[in-house]
Amino acid sequence: MIVVDDLHKHFGGFHAVDGASLSVDRGSITGLIGPNGAGKTTLFNVIAGVLQPTSGKVYMDGEDISGLPPHTLFHKGLLRTFQIAHEFHSMSCRENLMMVPGGQSGETLWNTWFGRKRIADEERALKAKADEVLEFLTIEHLTDQKAGQISGGQKKLLELGRTMMVDAKIVFLDEVGAGVNRTLLNTIGDAIIRLNQERGYTFVVIEHDMDFIGRLCDPVICMAEGHVLAQGTLDEIKANEQVIEAYLGTGLKNKDKVGA
Ligand SMILES: Nc1ncnc2c1ncn2[C@@H]1O[C@H](COP(=O)(O)OP(=O)(O)OP(=O)(O)O)[C@@H](O)[C@H]1O
C-alpha cells in the first residue's frame with residue numbers, strides 16, 4: 001500500500017533519514033521502532049507531507065505521493081495524528097471532532113447565506129458522527145468536557161478519534177503510548193485493533209513500549225541512523241544482532257527496551 005524508496009531527509013549536513021526503504025502492507029498494523037534519534041518521526045513527517053524529502057520517493061497504491069502537502073494526502077485517506085492544538089483546548093471533545101475538515105458546506109459566505117438548511121443538516125450529521133466516534137472509543141462520558149481538561153491518554157484517544165471523522169485508509173501514529181497509563185494504553189490498543197479489523201484501517205505505529213508493539217504489530221520495522229535495519233516479527237527483531245547493537249550503541253538507557 002505504501003512503498004518508501006531510498007528516502008533521504010537532510011537538515012543541513014545532518015542526515016536524519018538516510019536512504020530508508022520499506023513497504024507497508026494494506027491491512028497491517030506495522031510497528032516502527034528504533035533508538036532515540038533513529039529518524040522515525042522525521043520519516044513519518046516526510047511520508048505525511050509535513051516535511052519535503054531531500055530525495056527519494058513515497059508511493060501510495062502505486063501513485064507517487066512524494067512531497068504532496070498534508071491536506072492533499074488527507075483527502076487520499078493518509079493521515080498522521082497530531083497533538084490537539086492549544087487553541088482547541090477550550091472546545092469540547094465533541095466539538096474537536098466536529099472541527100475535522102470533511103468538506104462541510106458551512107465554510108463559504110455563499111453557503112452561509114443561501115444554504116442554511118443544508119448546513120443545519122450537515123451539522124446534525126457531523127454531531128451524530130462525532131457521538132458515534134466517542135462511543136466507539138468508550139469516551140462518551142467526555143463528550144461535553146473541554147479537551148484541555150481531559151488526561152493525556154484520553155487526548156490520545158481523541159486524536160485517534162479525529163481520524164475516524166473522515167474515511168482514513170492509513171493512519172500514522174507517533175508514540176500513542178507516551179505518558180499514558182496502562183489501562184488507557186490498553187483502551188487505545190483495543191481501538192486500533194478494532195479500527196483495523198472492523199473498518200480496514202492500515203496503521204503504522206511508532207512506539208517505544210515493546211509490550212504495546214508486541215500486542216499490536218506485525219511486522220515490526222527497526223530503524224537506526226536514518227535507515228531500516230531489519231523487518232520481521234517482534235521476536236525476530238529482538239533476536240537480530242544488528243538491532244541489539246543499535247540499541248546498545250545508543251547508551252544503557254535504551255538497553256532494556258529491546259530483548260528484555
Ligand atoms: N528540524 C530539524 N532540524 C535539525 N535536526 C533535526 C530536525 N528534526 C529532527 N532532527 C534530528 O534528526 C534526528 C532524528 O530525529 P527523529 O525525531 O526523527 O528521531 P526519532 O527516531 O523519532 O527519535 P525519538 O524516538 O527520540 O523520537 C535527531 O538527531 C534529531 O535531532
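How do the residues of the shell around the ligand divide into nonpolar, polar and charged? Four are nonpolar, six are polar and one is charged. Keep in mind throughout that this is a predicted model.

**Stop 1: the ligand.** Select Phe11, Phe14, Ala16, Gly34, Asn36, Gly37, Ala38, Gly39, Lys40, Thr41 and Thr42, the residues around the ligand. Two elements, strand E2 (14-24) and helix H1 (40-47), each give two or more residues to this shell. H1 contributes the most, with three residues.

**Stop 2: helix H1.** Stay with H1 and colour it by burial. The helix is mostly covered, with seven of its eight residues buried. Those to highlight are Lys40, Thr42, Leu43, Phe44, Asn45, Val46 and Ile47. Then step past the end of H1 to glycine 49, which follows the helix and has a positive phi, near 80°.

**Stop 3: the two domains.** Now colour the protein chain by its domain assignment: domain 1 takes 1-77 + 167-260, and domain 2 takes 90-166. Where they meet, twelve residues of domain 1 are in contact with ten residues of domain 2. Select helix H7 (residues 182-199) here, as H7 gives the most to the domain 1 side of this contact, with five residues. That side of domain 1 is made up of eight nonpolar residues, three polar and one charged.

**Stop 4: helix H10.** Next, select residues 241-249, which form helix H10, and pick out Val243, Ala246 and Tyr247, which are buried. Look down the axis of H10: the buried residues fall within an arc of 95°, so they line one face of the helix. Turn to the other side of H10 and you will find Glu241, Gln242, Glu245 and Gly249 exposed. To see what covers the buried residues of H10, show elements including strand E9 (220-224), strand E10 (227-232) and helix H9 (234-238).

**Stop 5: confidence.** The protein chain averages 88, and 90% of the residues score at least 70. Which residues have a pLDDT that stays under 50? Select 251-257: pLDDT stays under 50 there, and the model has eight contacts beyond four places in sequence for these residues. For the complex, the predictor gives an ipTM of 0.96 and a pTM of 0.87.

Key
Residues are numbered from 1 along each chain as its sequence is written. This is a predicted model: local features need pLDDT of at least 70, side-chain atom pairs count only at pLDDT 80 or more; totals for chains, interfaces and linings use all residues. A residue is near a molecule or strand if its C-beta atom, placed from the backbone, lies within 6 Å of it. Helices (H or I, at least four residues) and strands (E, at least two) are DSSP runs, numbered from the N terminus. Ala, Val, Leu, Ile, Met, Phe, Trp, Tyr, Cys and Pro count as nonpolar, Asp, Glu, Lys and Arg as charged, and the others, Gly among them, as polar. pLDDT is the predictor's confidence in each residue, from 0 to 100. Two residues are in contact if their C-beta atoms, placed from the backbone, lie within 7 Å. Domain bounds come from an automatic or database domain assignment. A residue is buried if 20 or more other C-beta atoms lie within 10 Å of its own, exposed if 12 or fewer, and partly exposed in between; C-beta atoms are placed from the backbone. The arc is that of the directions from the helix axis to the C-beta atoms.
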